[in-house]
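Hi everyone, thanks for coming along. Please take a look at the screen with me, and then we'll walk through it together.

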Amino acid sequence: MNQSVQHQSMNHFFRRFILGLVVLSLLALYANEHWIKRRLLVDFMSEDKVSLIDDRPEGGNSVAKLIKSERTLKMECDIAATYQWPFCELAIKLKDDNSGINLDQFDTLRLQIRSTGPEQHNPVRVFLRNFNPAYSNETAGSLKPHEIVYDPNLVAESVEFRLNQFMVASWWTQSHPTSIEHLGPQLDQVVAISFITGGNVIPGKHSISLESVELTGQWIPTEHFRLGIIFLWLTGIVAYLIWDSRQSRRELRESVRLKRELELSNQVLETRVDERTRALAASNAQLIDTLQNLEGTRSELVKNEKNA
């Protein structure tokens, strides 16, 4: 009886535990997605991390100039049509050497930048440049560029890009053939982030202003976190099934024990009933014999009186 009550109490506890686990799982998934974040604010205000590149080494006449304010870094670029593909580039080093930063631990690049130019739309090319000894050397052109292109003035003040949206620039792939194992995006050793004027810019005054560059990612990748929650659920369910199985076996053993005790009690009771029945039968037999003897004696007395 006590074990049955204990089993019911445990079942009630398990139902409450499951409800709590559901709530905690939903909260944990939300927290992992929105709260538990790693962040890297890219430093572009240090002079030793910033460099300007324009098309003059390529034979062009475009000139880039850097202007720094309290919170903004601005590249002004005077595009000249001398070079076939005129450009100006603002490059930010993430590390002083080629060891770079492994961006696999991040999933999002958040940008807050502005661009101006003589046209209505002034797109900006954003490059993540990755180093790999298999195809890179000490020159900037050997770094594999992963590219997105967008117009900052057509989006909100801040915009987020998933890192899996960055694709290797096709012109680099054509000019830097690599082995099959190194094809496609690689962001495990990113040494620089570059902001470059659009691919088909017209001559004139252009500018790109950086206000914020931030990398964000989850401390625990979503797939690993979900596997952890699934493992927690499976562990809880298996633990309950093991406990329930053991409890059921204990209850079965207790039921068998009670059944044996009941059978033994019935046997004892039957034995006692048989004994009482036999004793009663023997007593009845003696009583009948006594009555028969009395009746015989009475009959003799009556017969003697008549003869007298």
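Let's start with a question: does I101 count as buried, partly exposed or exposed? At 13% relative accessibility, I101 counts as buried. Here buried means under 20% relative accessible area, exposed means over 50%, and partly exposed is in between, with a 1.4 Å probe and protein chains only. The accessible areas come from the Shrake-Rupley method with that 1.4 Å probe, and for residues only the protein chains shown count as cover.

Before going on, a word about the source. This is a predicted model, in which local features need pLDDT of at least 70 and side-chain atom pairs count only at pLDDT 80 or more, while totals for chains, interfaces and linings use all residues. Residues are numbered from 1 along each chain as its sequence is written, and side-chain values use heavy atoms, with hydrogens and water left out.

Back to I101, which sits in the loop between β5 and β6. When I say helix or strand, I mean DSSP runs, numbered from the N terminus: H or I with at least four residues for helices, E with at least two for strands. I101 and N130 are 29 residues apart in sequence, and their C-alpha atoms are 9.0 Å apart in space. Another loop residue is P185, placed between α2 (170-175) and β11. P185 is partly exposed, with a relative accessible area of 48%. From P185 to N164 it is 21 residues in sequence and 8.3 Å in space, C-alpha to C-alpha.

Now to the inside. A nonpolar core is a set of buried Ala, Val, Leu, Ile, Met, Phe, Trp, Tyr and Cys residues joined through side-chain atoms within 4.5 Å. The largest one here has 36 residues, and V126 and F195 have the most contacts inside it. Several strands give two or more residues to this core, including β4 (73-79), β7 (124-130), β11 (190-197) and β12 (204-218).

Next, the salt bridges. Side chains of opposite charge can pair when their charged atoms come close. We call it a salt bridge when a side-chain nitrogen of Lys or Arg is within 4 Å of a carboxyl oxygen of Asp or Glu. How many salt bridges does the structure hold? There are 11 salt bridges.

One of them joins the side chains of R39 and E214, at 3.9 Å from N to O. R39 is in strand β1 and E214 in strand β12, so this pair ties together parts that are 175 residues apart in sequence. R39 counts as partly exposed at 49% relative accessibility, whereas E214 is buried at 14%.

R110 pairs with E160, with the closest N and O atoms 2.5 Å apart. This pair also links distant parts of the chain, as R110 is in strand β6 and E160 in strand β9, 50 residues apart. E160 is partly exposed, at 46% relative accessibility.

R56 is partly exposed at 45%, while D54 is buried at 8%.

Last stop: the surface. Patches are made of residues with over 30% relative accessible area and no salt bridge; like charges are joined within 9 Å, and nonpolar side chains (Val, Leu, Ile, Met, Phe, Trp, Tyr) within 5 Å. Lys and Arg count as positive, Asp and Glu as negative, and His and the chain ends are not counted. The place of a charge is NZ of Lys, CZ of Arg, CG of Asp or CD of Glu.

Which residues gather in the negative patch? They are D43, E47, D48, D96 and D97. E47 lies in the loop between β1 (37-41) and β2 (50-54), and at 66% relative accessibility E47 counts as exposed.

A patch of positive charge brings together R246, R249, R250 and R253. R249 lies in helix α3 (residues 222-307).

Finally, L24, L27, Y30, W35, I36, W219 and I220 form a nonpolar surface patch, with about 750 Å² of accessible area together. L24 belongs to helix α1 (residues 2-34) and is exposed, at 54%.
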